[in-house]
Amino acid sequence: MASLTLSRNSNSSWTPRQNKLFENALAVYDKDTQDRWHNLAKAVGGKSAEEVKRHYEIMVQDLMHIESGQVALPNYRATGSNSRL
């Protein structure tokens, strides 16, 4: 079963494949692209322009929280031969 990401406050779920397609499409269709959201939706497949725009807005909010220090970074335990880095 594919893992899904649920966009906050919506019924739109995103598979890892759709997320990767979304990320790749963002590199192609920048903020100055005409019909950006429609182009992104077409590249992702199965999503409306509004769903893609909302997914983008959520991503931007998440990045802002991370960069401002509002989200704690995970404390991974070192394992194996690289544990002394």
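Helix α1 (residues 16–28) has 13 residues and spans 19 Å from its first C-alpha to its last, close to the 18 Å expected at 1.5 Å a residue. The expected span is 1.5 Å times one less than the number of residues. Helices (H or I, at least four residues) and strands (E, at least two) are DSSP runs, numbered from the N terminus.

This is a predicted model, in which local features need pLDDT of at least 70 and side-chain atom pairs count only at pLDDT 80 or more, while totals for chains, interfaces and linings use all residues. Residues are numbered from 1 along each chain as its sequence is written, and side-chain values use heavy atoms, with hydrogens and water left out.

Buried means under 20% relative accessible area, exposed over 50%, and partly exposed in between (1.4 Å probe, protein chains only).

| Residues of α1 | State |
|---|---|
| Gln18, Asn19, Phe22, Ala25, Leu26 | buried |
| Arg17, Ala27, Val28 | exposed, on the face turned away from the buried side |

Helix α3 (residues 49–67) contains His55. His55 is buried, with a relative accessible area of 9%. Its side chain makes a polar contact with the side chain of Trp14 (3.4 Å). A polar contact is a pair of N or O atoms within 3.5 Å; within protein, one must be able to donate a hydrogen and the other to accept it, and residues adjacent in sequence count only if both atoms are side-chain atoms.

Along the sequence, the chain runs β-β-α-α-α.
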